[in-house]
Structures are given as structure tokens and as C-alpha cells.
Amino acid sequence: MAVGIAVGDNKKAYPGNLTPFVTVTCIVAAMGGLIFGYDIGISGGVTAMPSFLKKFFPSVYRKQQEDSVSNQYCQYDSQTLTMFTSSLYLAALLASLVASTITRKFGRKLSMLFGGVLFCAGAIINGAAKAVWMLILGRILLGFGIGFANQSVPLYLSEMAPYKFRGALNIGFQLSITVGILVANVLNYFFAKIHGGWGWRLSLGGAMVPALIITVGSLVLPDTPNSMIERGQHDEAREKLRRIRGVDDVDEEFRDLVAASEASIKVEHPWRNLLQRKYRPHMTMAVMIPFFQQLTGINVIMFYAPVLFNTIGFGSNASLMSAVITGVVNVVATMVSIYGVDKWGRRFLFLEGGFQMLICQAVVAACIGAKFGIDGNPGELPKWYAIVVVLFICIYVAGFAWSWGPLGWLVPSEIFPLEIRSAAQSINVSVNMLFTFIVAQIFLTMLCHLKFGLFLFFAFFVVLMSIFVYYFLPETKGIPIEEMGQVWKTHWFWSRFVADEDYPIGGSYEMTKGGQGPKNV
Ligand code: BGC
């Protein structure tokens, strides 16, 4: 498929195909999402395994065993238990900041390699854990791994992809996150049945498999042309670009990449640079998008689905099974997004997904509220009730999986100009991890206190984020990554922050630097 069609007067259209080379490369790189996904999926299931709780968190175990627990909302409320889940996210937050420099100075691949190796070490320690401190140490290493991978993989994908397919290829990352979650849920389901109760070791140690995949993957992947130019390897970069795009005529794109890179080299302090007025829109998105992504409440379902299903009256087995069901929905709905993102655009998916999540949150809150009331004592639960709750949780997951899930990673990675790309992406990852941490850390306590109102709390944020997207997020579909400046310049609000000379029309940085004025006007 050729993609060299002109998009409009002031937009560029670089020639290039969706070559097998770029497709395979992107699939391998996207595997970086597996480690993140595996981890998200595995911890909730493991903490629902009685043998695991008994060994590491005996007080939670005892509480659960006492049949007399009258308040179901509070049975899992334990700070150490949440610390187990959430310690990882603090580590990931720190690592993503370090990764910024490595990704920028040594290329995207090296960060991916670090990610794989650290994650592998964490998996081994966790699988062999004898005490809580080993669990936490292992998770800190896993977190470092995720910080590196999540910082580099989305950038890698957005730079490699021909712009017309950037959305679809980038969402490969989210797809592998969801596959990782699903695999983890399925494994938990089976490992929980192992006699002797050591199945959790397999669950935690199993994280080595995705870790090895991305480690080996990062060794065989080519560097992105952007990153090679950024490190001064011009000739190799041009050759690589030809190979990736599958056409000889890559001159225009190459020139723009070099120009962007020259502008980027002039930047001595990438972090301080982020504070400039012209980057206000980018910074706003780097903070608000991950913040809102986490405030959809998705990780309440991802981390604690088994716990949650348990709380609302499912047996241990049924709870793990329900987590598998939501996992399948998550994967399938992500595929819908891959199909539609470059056709229907980002904004449509954000708004539709938000609406869908909102309805579901209201219904789930109503169902749980009606049955559990304020005191958390449900009495006998009819079957239809469980089915309705699971159904609406699935519709909610689908809404997230084709909107905020993938777009939360795609949009930031495609809007940052090269000179701030790596640093800004680190902000995106850190904010994401910070709020993942906060949600993970306080969810069980919130469930205990807010009860069914917890779902309304997240619903409120879904309303806010939809308003935000509607007014402040420009459409980025089908715009070459080095041309992205145009979307701010023509935006009703952001145009006041970017001056004409920041992003000349049709204009590469070359135009500004060379002083020839914009072409295509
Ligand atoms: C989010 C994760 C979430 C996952 C669910 C990702 O995009 O960053 O926090 O658990 O989607 O599929």
C-alpha cells in the first residue's frame, strides 16, 4: 500500500509503504508491552490465592477465613498487601526518568534491553521468594524494567511507523499489554489449582518468559532513523529509512528528520526546555493524558478483579474465571482500536469510550449498592445479579480498551517534537505510574470506605476527561510526526501558546533555521 498521497496544502505526505520489515520490527518491539501486562494481570490473581496470603500476609488470610466477616467491603484492606502491588509503580516512575537520558543519548534499543534484563532479575527473585522483603525487592526490579520499556517502546513504534499507520502500529504496544494481562489471568487460574499451594511461584517466576522475549527482541531490532540521526549516524540512518519505508525516495522525510535533530541537539537542558511556553500544550498532554487514563479506574479491575469479584460474592474459582473473561474482552476490544484508530481518529474513540465507561460505572455502582447497601452485608446473591455485574464490567473494559488504554500511550508518543520527545515521554510514563500507584495503593481502603460510591468517584473523572478531550485535544490522525506542530497552531486554545515561527506552515525546522521563510503558503 503506498501512502504517498498529498493530505492537504499545508500537510506533508512522505512516500513510504507498510513494508514487511517495518511490520515485523514493530511487532517485535511491541512485545515490550508484555512485561507490563503480565505484571498487571498476575498480582491480583496471586493475592487471591489462599496459600500465598497465608505465607506472606497471614493477617489478611485470617480475616478472610473468619466466616463471620460482616463487612465484605473491607476484607482485603491491608497496607502491606497493597504495598506488594504498588511498590512496582514507584520504581517504574523513577526508572522512566533515568531512561529519558539513556533513550536520548544511546538510542531506544538500549533502554528496551535494560528493561528486559531488570525485569528478568525481578521475576527470578519473586519466584523464589521466602519472605515479604524478597517479594517487594523483586517487584522493585520489575518496576525498573517496566519504567525503561514503557519509556522507550512507544517512542520506538511511533518513529518507525509510516505516519498513516502510526496509530495501528503503536497500538501493538497496548495489544501486547492486554495479551500479557490475559495470559497472566489464565495462568493464575490454572496455577491456583496446583496441590501444595506453590502455584504462585510459577505465576510470579513466569514473568521471565516475557522478559526474555523483549531482551532478545531488543538485541535484534534495528535502531530508529530518528534516533540514529540524533546520535550523528546520518548515512546509516538514510539507508535504514529506505529499508523501512520500502522506497528509494526518502529525501524529504530524511531532511525533516535531520532538521528536527539539529534543533534537538541545540537543546542543552531537555528538562528545563520543557517549561518553555511553546511546549505548554505538550506538557499539558504529558500530564493530563496519563492522569486521566488512570482515573478511569481501569486498574481497579485489572489488579483486583479477582478480589473484587470475590468481594461481591463469587467463589475463589469463579473470581479467577471472571478475570479471564474481562481479559479476553480487553484483548479483543484493543484490536477494534487497531482497526479504527487511523480511520475514525483519536478523538472519536476517546469520546465514545468515555461515554461507554460512564454508563457502565453507573450501572455497576447501582447493582452493588442495591445488594450490599452501606453495611456491606449482601445476604444471598442471585445468579442474575452476578451476570449483570460481570457483563457491565466487560462493557466498561471494552470501552477503555479501545479508547484511553491504547490512546493513553499513542497520543503522547506522537505529539512531542524530537527535541523534547524523550524527556516528555518520561513525564508521561512517570505520571502514569504515579497514578497507577495511587490507585493501587488506596483502592482497597477506598472500597472499604466509599463502598459502591467508589465507582461513582471514577465516573466523575470520566466526565471530566471527556470534556477535556472535547475542548483541548486536537485530532492527530494522519499527520506526520515531524509536522505535528500544525495541530496546535490551528487550535482554538493552544494557538495562543505557539507562535508562527515555532512551527512554520508545511515547515520543517530547516525553514526556521535557514531563514528562508515557510514554503507552501
Ligand atoms: C494502562 C494500564 C492498564 C492497561 C489495561 C494500559 O494502557 O496503562 O494501567 O492496566 O492498559 O489494559
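The paragraphs below lead through this structure from its ligand, by way of its salt bridges, to a patch on its surface.

The model is predicted, so local features are reported only at pLDDT of at least 70 and side-chain atom pairs only at pLDDT 80 or more, while totals for chains, interfaces and linings use all residues. Residues are numbered from 1 along each chain as its sequence is written, and side-chain values use heavy atoms, with hydrogens and water left out.

We begin with the ligand. It is surrounded by 14 residues, and the closest of them are Gln174, Gln293, Gln294, Asn299 and Trp409; a residue counts as near a molecule if one of its heavy atoms lies within 4 Å of it. Sorted by class, this shell holds six nonpolar residues, eight polar residues and no charged ones, where Ala, Val, Leu, Ile, Met, Phe, Trp, Tyr, Cys and Pro are taken as nonpolar, Asp, Glu, Lys and Arg as charged, and the others, Gly among them, as polar. At least two residues of the shell come from each of helix H2 (32–47), helix H8 (166–191), helix H15 (280–295), helix H16 (298–311) and helix H20 (404–415), and H8 gives the most, with three residues. Helices here are DSSP runs of H or I with at least four residues, numbered from the N terminus.

Which atoms of the protein lie 2.7 Å, 3.0 Å and 3.2 Å from an oxygen atom of the ligand? The distance of 2.7 Å belongs to an N or O atom in the side chain of Gln174, and that of 3.0 Å to an N or O atom in the side chain of Trp409, whereas at 3.2 Å the atom is a backbone N or O of Gly405. On its own the ligand has 310 Å² of accessible area, and the protein covers 100% of this; such areas come from the Shrake-Rupley method with a 1.4 Å probe, and for residues only the protein chains shown count as cover.

Helix H8 also holds Gly180, which counts as buried because its relative accessible area is 2%. Buried means under 20% relative accessible area, exposed means over 50%, and partly exposed lies in between, with a 1.4 Å probe and protein chains only. Although Gly180 and Asp39 are 141 residues apart along the chain, their C-alpha atoms are separated by 7.6 Å.

The next topic is charged side chains. The whole structure has eleven salt bridges, each defined as a side-chain nitrogen of Lys or Arg within 4 Å of a carboxyl oxygen of Asp or Glu. In one of them, the side chains of Arg421 and Glu159 meet at 2.7 Å, N to O. Arg421 lies in helix H21 and Glu159 in helix H7 (residues 132–160), so this pair ties together parts that are 262 residues apart in sequence. Both Arg421 and Glu159 are buried, and they belong to a network of salt bridges that also links Arg108 and Glu230.

Another salt bridge joins the side chains of Arg346 and Glu414 at 2.9 Å, N to O. This pair, too, links distant parts of the chain, with Arg346 in helix H18 (residues 346–372) and Glu414 in helix H20, 68 residues apart. Arg346 counts as buried because its relative accessible area is 0%, and Glu414 is likewise buried, with a value of 0%. The side chains of Glu253 and Arg245 also meet in a salt bridge, at 3.0 Å, N to O; here Glu253 is buried at 10% relative accessibility, and Arg245 is buried at 3%.

Helix H7 also contains Ser158, a buried residue with a relative accessible area of 2%. What does its side chain contact? The side chain of Ser158 makes a polar contact with the side chain of Asn170 at 2.9 Å and another with the side chain of Ser413 at 2.8 Å. A polar contact is a pair of N or O atoms within 3.5 Å; within protein, one must be able to donate a hydrogen and the other to accept it, and residues adjacent in sequence count only if both atoms are side-chain atoms.

Finally, we turn to the surface. There Met83, Leu90, Leu434, Ile438 and Ile442 form a nonpolar patch, with about 330 Å² of accessible area together. Helix H5 (79–106) and helix H21 (418–450) are the elements that give two or more residues to this patch, and H21 gives the most, with three. Patches are made of residues with over 30% relative accessible area and no salt bridge, with nonpolar side chains (Val, Leu, Ile, Met, Phe, Trp, Tyr) joined within 5 Å and like charges within 9 Å. Met83, which has its place in helix H5, counts as partly exposed because its relative accessibility is 31%.
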